[in-house]
Amino acid sequence: MTAGALPRHRSFVGGDGVLLAADVWGEASSPPLVLLHGGGQTRHAWHRAGPRLAALGWRVIAPDLRGHGASGWSAGGDYGLDVFAEDVRALVAELGDRPVLIGASLGGLSALLAAGEAPGAAIRALVLVDVAHRPDPRGVRRIVAFMSGRPDGFASPGEAAAAVSAHLPHRPPPDDPEGIRKNLRRQGDRWVWHWDPRILGSFEGRMDPPGMAERLLGAARHADVPTLLVRGGISDVVREDIAEEFCERVPRARRVDVAAAGHMVAGDRNEHFLDAILPFLEEIE
């Protein structure tokens with residue numbers, strides 16, 4: 001990353017006063033675009049996409065969701081979707097402008113509820129990255145198994161990087177395994193993931209609860225904004241038939257697939273992810 005692409009740091013106040021740490025790229029006068037990462041990730045998931053989008057004329061804001069990275073944790077351990085949606089509403093209100101929301105997985109679900117349920121956040125458009133109204137439970141189970149598989153942490157960042165590579169065999173191993181440090185925190189002499197472990201309880205109960213699919217479809221219709229569903233071409237979380245059903249039932253939604261990308265589309269194939277969303281962003285008024 002070049003020096004000119006280094007982000008500025010800012011904090012926002014979440015729905016119940018929790019502080020949300022964020023990276024910001026671009027000019028203050030540029031239209032805002034918010035990048036919301038997936039569960040178990042941090043704002044650094046967008047470290048390549050953020051500066052590229054800023055160079056194209058956007059003011060890019062990438063927060064750590066509550067319980068993740070440098071953001072605050074829920075005092076009572078509540079990490080339900082409604083709590084995350086309230087944080088998105090608070091962030092949008094603090095920006096004071098109608099942003100585009102781009103949300104991956106948990107970030108996408110949070111954005112969808114924030115915009116489509118009362119009191120709806122005022123946004124210009126919505127990009128859902130490998131998330132729709134219904135997940136494939138097999139893919140969710142695989143992710144939860146990985147997240148819960150090393151409660152004692154790792155002896156080194158390199159060991160954590162090796163675990164990620166084993167979990168994502170389709171992705172080339174990182175050039176610098178030490179780069180994973182930003183997603184870890186020290187706990188004694190071990191390295192653990194940079195998120196509140198109580199989040200796992202919410203994830204395990206979020207496979208496909210009764211009524212949630214219709215709730216999410218209703219939110220997408222009620223948001224009534226241009227919506228793009230970006231599916232990983234080899235995703236095991238959003239099947240092709242699920243993506244098709246979402247677009248059939250949401251009038252302003254359309255879909256694009258990113259070939260050879262799994263659930264973490266931007267992390268797997270960042271340049272192809274950007275190529276997939278830029279025509280959509282260029283159409284937004």
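Student: How many residues in the lining of the second largest pocket are nonpolar, polar and charged?

Tutor: Happy to start there: this is a predicted model, where local features need pLDDT of at least 70, side-chain atom pairs count only at pLDDT 80 or more, and totals for chains, interfaces and linings use all residues. Residues are numbered from 1 along each chain as its sequence is written, and side-chain values use heavy atoms, leaving out hydrogens and water. The lining is made up of Met147, Ser148, Arg150, Pro151, Arg185, Gln187, Val192, Trp193, Trp195, Pro197 and Leu200. Counting Ala, Val, Leu, Ile, Met, Phe, Trp, Tyr, Cys and Pro as nonpolar, Asp, Glu, Lys and Arg as charged, and the others, Gly among them, as polar, the residues divide into seven nonpolar, two polar and two charged.

Student: Which helix and strands each supply at least two residues of that pocket's lining?

Tutor: A pocket is an open set of points on a 1 Å grid over the protein atoms alone, with protein on both sides within 12 Å along at least five of seven lines, and lining residues have an atom within 4 Å of a point. Here the second largest pocket holds about 210 Å³ of space. Helices (H or I, at least four residues) and strands (E, at least two) are DSSP runs, numbered from the N terminus. By that numbering, the elements you want are helix 4 (137-148), strand 7 (184-187) and strand 8 (190-193).

Student: Which cluster is linked by ring pairs?

Tutor: Rings of Phe, Tyr and Trp (its six-membered ring) pair if their centres lie within 6.5 Å, with planes under 30 degrees apart counted as stacked, over 60 as edge-to-face and the rest as tilted. The structure has four aromatic pairs. Ring pairs join three residues into the cluster, namely Phe146, Phe154 and Trp193.

Student: Why is the pair of Trp46 and Phe273 classed as it is?

Tutor: Trp46 is in the loop between strand 3 (32-36) and helix 1 (49-55), and Phe273 is in helix 10 (residues 270-283), so this pair links distant parts of the chain, 227 residues apart. Buried means under 20% relative accessible area, exposed over 50%, partly exposed in between (1.4 Å probe, protein chains only). Trp46 counts as buried at 2%, and Phe273 is buried at 0%. The ring centres are 6.2 Å apart and the planes meet at 40°, so the pair is tilted.

Student: Which helix has eleven of its eleven residues buried?

Tutor: The buried residues include Leu106, Gly107 and Gly108, with Ala115 and Gly116 also on the list. Eleven of eleven are buried, so the rest of the structure largely encloses helix 3.

Student: Which side chain does that of Glu117 meet in a polar contact of 2.7 Å?

Tutor: Glu117 is in the loop between helix 3 (106-116) and strand 6 (125-129). Leaving aside neighbours within four places in sequence, Glu117 is in contact (heavy atoms within 4.5 Å) with Asp82, Arg89, Arg215 and Ala219. A polar contact is a pair of N or O atoms within 3.5 Å; within protein, one must be able to donate a hydrogen and the other to accept it, and residues adjacent in sequence count only if both atoms are side-chain atoms. The partner at 2.7 Å is Arg215.

Student: What volume does the largest cavity have?

Tutor: In a cavity, a 1.4 Å probe fits but cannot get out. Helix 2 (residues 81-95) gives the largest share of the lining, four residues. Grid points are joined across faces, edges and corners, and a volume is the space filled by probe spheres set on the points. For the largest cavity, that comes to about 60 Å³.
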